[in-house]
Amino acid sequence: FLGKILVVSPFTAKEAALDNHNAPMVVNPIAPDIWAKRDSFDPSAYRKDILLFWKDVGPGLQGSQVVQELQSMRPGVSVTVWCRGAGNLALAQQALPNATIVEKVTEKELIDLYLGHSFLLFCSTFEGFGMPPIEALACGCIPVLNPEVGAAELYAQDGQNSIFLQENASVVASKLCGILDDLPTLQAMRR
């Protein structure tokens with residue numbers, strides 16, 4: 001083996017080094033504060049339902065369609081939209097007028113958003129690594145994502161720790177509704 005091993009935490013690097021003594025470990029730069037909070041989060045604590053990541057128009061609108069379908073199935077669903085990029089705030093407000101919308105969040109605020117929501121709806125269709133889903137996963141916020149985007153194939157398992165997006169927004173919304181209504185499954189997926 002002549003490559004490097006990408007690991008997600010210093011702990012994982014130590015564990016992997018035990019089996020691969022000579023392989024260099026490259027720690028993925030997930031914020032240390034996330035790992036610190038990860039050790040103390042309660043998977044059974046109350047959380048809002050959906051955190052929608054809105055960075056680009058197409059994926060943002062796809063996410064808003066899933067949210068609208070979910071709201072029709074489960075009218076009390078709570079939604080926060082995390083906007084990044086110019087012009088997205090107005091689009092998000094128009095698509096989801098009853099959602100809480102945030103932008104320009106600090107790292108601490110972002111961690112609190114992950115810890116305060118059950119699902120991260122991440123509809124991006126192109127990413128390098130794709131940090132938000134793995135950061136959310138570390139905080140017990142279940143990512144809803146495209147499985148072929150970024151490094152999702154390295155960590156995301158549909159129905160186990162993540163939900164994979166599909167073309168039909170109502171199918172995804174139905175899965176989310178079922179999990180939100182099944183507390184043992186929701187808590188197990190957060191771990």
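Contact, as used in this report, means heavy atoms within 4.5 Å. The structure is a predicted model, in which local features need pLDDT of at least 70 and side-chain atom pairs count only at pLDDT 80 or more, while totals for chains, interfaces and linings use all residues. Residues are numbered from 1 along each chain as its sequence is written, and side-chain values use heavy atoms, with hydrogens and water left out.

**The chain as a whole**

The chain has nine helices and eight strands; helices (H or I, at least four residues) and strands (E, at least two) are DSSP runs, numbered from the N terminus. Of its 191 residues, 47% count as buried, where buried means under 20% relative accessible area, exposed over 50%, and partly exposed in between (1.4 Å probe, protein chains only). The accessible surface comes to about 9,800 Å², and 54% of this belongs to carbon and sulfur atoms; such areas come from the Shrake-Rupley method with a 1.4 Å probe, and for residues only the protein chains shown count as cover. Among contacts between residues at least 6 apart in sequence, 57% join residues at least 24 apart.

Six strands form an open sheet in the order 5-4-3-6-7-8, with parallel pairing. Strand 5 (100–103) and strand 8 (163–164) stand at the edges with a single partner strand each, so one side of each is left without a neighbour in the sheet. Helix 3 (residues 57–73) packs on the sheet and touches strand 3 (48–54), strand 4 (79–83) and strand 6 (117–122). The direction of helix 3 makes about 160° with that of strand 3; axes are lines fitted to C-alpha atoms, for helices over the stretch in contact, and angles run from 0 to 180 degrees between N-to-C directions. Strand 7 (residues 142–145) runs parallel to strand 8 and is joined to strand 8 by two bridges; two strands pair if DSSP finds at least two bridges between them.

**His117 and the cysteines**

His117 is found in strand 6. Its side chain makes a polar contact with the side chain of Thr80 (2.8 Å); a polar contact is a pair of N or O atoms within 3.5 Å, and within protein one must be able to donate a hydrogen and the other to accept it, residues adjacent in sequence counting only if both atoms are side-chain atoms. Leaving aside neighbours within four places in sequence, the residues in contact with His117 include Arg47, Asp49, Leu51 and Cys141.

| Buried residue | Relative accessibility |
|---|---|
| His117 | 2% |
| Cys83 | 2% |
| Cys139 | 0% |

The structure holds zero disulfides, a disulfide being a pair of cysteine sulfur atoms within 2.5 Å. The sulfur of Cys139 is 7.8 Å from the closest cysteine sulfur, in Cys141, which is too far for a bond.
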